[in-house]
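Morning, everyone. Please have the sequence and the model open. I'll go through it piece by piece.

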Amino acid sequence: PANCYDLNESLVDHAEGQHFLNEAFKIITEEVLCKGTDVKQKVCEWKEPDELALLLDLELRATGEPEHRLLQRVKDVAKYSVKTCHPHFFNQQFGGLDYHSLGGRFLTEALNTAIYELSPVFVLMEAEVLRGLRQLVGWTEGDGIFCPGGSVSNMYAINLARYQLFPEAKSKGLWSLPQLILFTSQESHFSVMKGAAFLGIGTDNVISVKVDEGGHMIPEDLDEKIMLVKSQGAVPFLVSCTSGTTVQGAFDPLDLIADVCEKHKLWMHVDAAWGGSVLFSKQHRHLMKGIDRANSVAWNLHKMLVAGLQCSAFLLKDTTNLMKQCHSATATYLFQQDKFYDVNLDIGNKSVQCSRRVDCLKLWLMWKAVGSNGLAERVDRVFILVRYLVEQMKIREGLLLLHEPEFANVCFWYIPPSLRGKEGNADYQDKLAKVAPVIKERMMKQGTLMVSYQPLGNKVNFFRLTVLSPLLSQKDMDFFLNEIERLGNDL
Amino acid sequence: PNAGNEMHNNWESLREGQSLVADPRLPGKCYPAVIDNFILNGPTVDVHAVESFVHHAMEMIMDEAVKKASDVQEKVCEWRSPEQLKELLDLDLRDEGEPESKILQRCRDAIRYSIKTGHRHFFNQLYAGMEPYSMVASFITEAIKTSLYTYEVAPVFTLMEETVLRKMIEMVGWEEGGDGIFNPGGSMSNMYAVNLARYHYCPDIKEDGLVAVQRLVILASQECHYSISKSAALLGIGTKNVYMVPSDSRGKMIPSALEELIKTAKSEGAVPFMVNATAGTTVLGAFDPIEEIADICEKYNLWLHVDACWGGAALMSDRHKHLLKGIHRVNSVAWNPHKMLMVSLQCSAFLVRDKTSLLQRCHSAQASYLFQQDKFYDVSYDTGDKSVQCSRKPDAFKFWLMWKALGTRELEQRVDRALAMARHLAQAIKKREGFTLLMEPEYANVCFWYVPPSMRSLPAGPELWEKLHTVAPVVKERMMKKGSLMVGYQAHHGQPNFFRMVVISPQVSREDLDFVLDEIHSLGKDL
């Protein structure tokens, strides 16, 4: 015999595993979903890293543990994790909770499959979802794929633009090419930089285009910079503009940028990871007027539409199978040509990944449940909430907006009473810069609220409130304003 | 009632002059704020109503996706043609929403027509089985729904990832420690290796691009995973600059051939900068000889990366870790716990033997909106800048909880058992008429041909190969349409299509292996 293991029996007890699943699910429901959405509960239970490490008893040991111990661990994880679905969580461009997408996510996990021949349902489903998204962009045809994040979507754009211009780059590498240059705005997402480095282009070859006061790319500056680059003998190949910048939520003027791109024959990519969802709203889609003129779009449905990380769509106007040509590597153990079904359904070759998670189910289910109209309502409601918030801020003392919000980012300084009226002082900016970090520390340690802050250019630390969750209401906005005041008025 | 109804009811009460104070969700009296037909007092989503949806969905998931999927009486797959499936699923996305009962039915349909990768007769890929602890962890991850870029937003998962990476590095054997990160897949981990190796060679590449250096060359065995090629293309190096080193009859890279190719590359004026060795190749499950390859890499000062996505699990086994002998000498390792160790997809680790923050330096962009330096906690816990991603899923937690539940010893036993099963299957194949083993399995891949009776008398040669080549695709089609079994097949280096059985799950027993051979024979004997 090969060894002493009893191969006649299965090693795992199904009943035990299923019991654990059931019990754990009860805890998840109670501790994460119920408590997490309850305003009377904390947003976060702050602990210093060392303390938390002890509490969690992280060490991995030789022996396993009994069920009750594991269920306690599940409880602990829930307790010390930040409740991103909490109505007072405004820290990132994701948050909130949609139960249909959550159901879709649990289902995805239970099925534990990846996208290729292994998931007939999901290959078809992904195609349908992408078609629906493209329709909103204004394309009747095209291509697309779900990526593990918007950063990767942006990388796809850079890679495809480069491949379209210089297909030999795929096999020969960049040594065979002239110097490639891409353009993006000063306030674009850092993934464009990271993408340029990763793809071997180099961050120095990313030209930063100026923005106006509101954070919008200035098309004239883009045009000038492209001409300058050309005159220097380098080859501009891509413009990445943003619909919904990370900090200010600004929407670059797509029509004007498309004019420039068409003039110089550059690939136009729109990073709509954050702002793309306005396309659902009849009232607000004008913010992305001109989007149909782009070559590619990155759109993260896990942001404003609460589909759950990750749900990042990369959409392409192309109908020549560019993505497949650019990314394919024929692997005989996956993409056999003698299969009994149409091998065009094996879309794995379009991706740079091998196994790819099923990210479309949660979106599809949610979309089915609430309909495009329901999703549009959510977007519209965000704008209304923001308007209410801004009105309140103007009435109150000590809250200074950076500017009128264009979208769901509300950027403002909280000016404690001690600093009010002292704008003229030499050390005013320094003092103001210290306010947000202290308030942030207090809010996290008390667990009442989470909102992010950052500096921008010459502007010192200000808060950036992102409104997106369908669970929010006016009283959460009121609470927010009161709480900032409460936490900081002694500073 | 769905969300739309709820809001409609509120609006109706308002119009009829009723105050909303009685609504239990509103703690005290408040003036209804109504702007543009939107009532802002209450959330749009009726939390209680939809909680019931998740409950029902969960019950259904337990029954249909978990229990049934592991029931050997049920089918592995319910095959439908794409056209049939499109009709059955009613995929169209519409303006209006649907009631809970319809959505639950849609979930049921999605389950029904999906492949049951947890089924005991699913052997198609390098992952399989149903692992409840990592599944629970994945549910928690979905419910908590956070991103792993800063400690402030994911404190628990940050610490867990750190712990798991440290433990994995311990198993690799880097005494001085190292660094690492979890990625969305092994392909990404391999890309990280390429990027780090070239950054290590010449940090200027990050800013200047590849034009800063001579033509770079990667060396990998001809049996390597195709992600190496894809990495080269994506990262601007070019697929032609991946030089494929021949492998021997057991699928292992030939070290002397590696050295030859390195010299060739240099003589061309190119710069070989990285060698990719594979620990557990995709088709044959072969392990490249790491010690000898490490000798060569040291001699020529090349970065040695080991793609142990599939074979890394052998490190958990005292009995089998010798397959990766020499791994403590390498620069980086890719290891996917979602394969042999059965953690829920995805769970892919990238490990690097470095304590100089190389990952961070190579990838950082220091975005001021995430990585503020004036935070009130130790910002070295913010791992986001090590990654090329922004939002990142907390995949390590799935591994951590499972590891806690089972313990290292149990994980080791599972690996040992899977490999024992593979050896047992190989023996069974050798004893059985009509089955021909390709080679003795080194790991968990058992490759073989099924030779139908009509072809058994044919002598070895092109006529047999041609006929044999057509067998596996037909048997595969039949098994999928019947839904009884799923085993992968492929052609390889000019050989006719052969089956690749991969044994992973501890739920599989000897009678399942007997079933595999019986079923293949039953499906193919008339060919």
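Let's start with a term. A strand here is a DSSP run of E, at least two residues long, and strands are numbered from the N terminus. With that in hand, go to chain B. Gln346(B) sits in the loop that links β9 (332-335) to β10 (348-352) of chain B. Keep in mind that this is a predicted model.

The peptide bond from Leu345(B) to Gln346(B) is cis, and its omega is near -15 degrees. Now turn to chain A. There, a cis peptide bond joins Leu309(A) and Gln310(A), with omega about -20 degrees. Gln310(A) is in a loop too, between β7 (296-300) and β8 (312-316) of chain A.

One more backbone detail. Asp90(B) is not a glycine, yet its phi is positive, near 50 degrees. Find Asp90(B) in the loop between α3 (82-89) and α4 (100-112) of chain B.

Next, the sheet. Chain B has an open sheet of five strands, in the order β3-β13-β14-β12-β11. The pairing is mixed. Which strands are at the edges? They are β3 (122-123) and β11 (435-437) of chain B, and each pairs on one side only. Take β11(B). Three bridges join β11(B) to β12 (residues 445-450) of chain B, and the two run antiparallel. In one of these pairings, Thr436(B) has Trp449(B) in β12(B) as its bridge partner. A helix also packs on the sheet: α14 (residues 462-482) of chain B. Helix α14(B) touches β12, β13 (486-492) and β14 (495-502) of chain B. Its direction makes about 40 degrees with that of β14(B).

Now zoom out to domains. Chain B is divided into domain 1 (51-77 + 115-130 + 407-526) and domain 2 (148-393). Their centres, taken over C-alpha atoms, are 30 Å apart. How many residues meet? In chain B, 33 residues of domain 1 are in contact with 29 residues of domain 2. These two domains of chain B bury about 2600 Å² between them, with 64% of that on carbon and sulfur atoms. On the domain 1 side, Leu126(B), Glu442(B) and Tyr443(B) lose the most area to domain 2 of chain B. Together they make up 28% of what that side buries.

Stay with Glu442(B). Its side chain meets that of Lys252(B) in a salt bridge, at 2.5 Å from N to O. The count between domain 1 and domain 2 of chain B is one salt bridge. Polar contacts there come to 15 residue pairs, both residues at pLDDT 80 or more. Which element gives the largest share of the domain 1 side? In chain B, α13 (396-431) does. It supplies nine residues.

Last stop: chain B against chain A. Here 175 residues of chain B are in contact with 171 residues of chain A. The buried area is about 15700 Å², and carbon and sulfur atoms give 64% of it. In chain B, Lys145(B), Tyr369(B) and Phe376(B) lose the most area to chain A, together 6% of what that side buries.

What about charges? The count between the chains B and A is seven salt bridges. One pairs Glu142(B) with Arg105(A), at 3.8 Å from N to O. There are also 66 residue pairs in polar contact between chain B and chain A. And α13(B) returns: with 20 residues, α13(B) gives the most to the side of chain B that touches chain A.

Notes: Residues numbered from 1 in each chain as written. Chains lettered and ligands numbered in written order. Predicted model: local features only at pLDDT ≥ 70, side-chain atom pairs only at ≥ 80, totals over all residues. Heavy atoms only, no water. Pairing = 2+ DSSP bridges. Helix = DSSP H or I, 4+ residues; strand = E, 2+ residues; numbered from the N terminus. Contact = heavy atoms within 4.5 Å. Axes fitted to C-alpha atoms, helices over the stretch in contact; angles between N-to-C directions. Domains from an automatic or database assignment. Buried area = accessible area lost by both parts, 1.4 Å probe. Salt bridge = Lys/Arg side-chain N within 4 Å of Asp/Glu carboxyl O. Polar contact = N/O pair within 3.5 Å; in protein donor to acceptor, adjacent residues only side chain to side chain.
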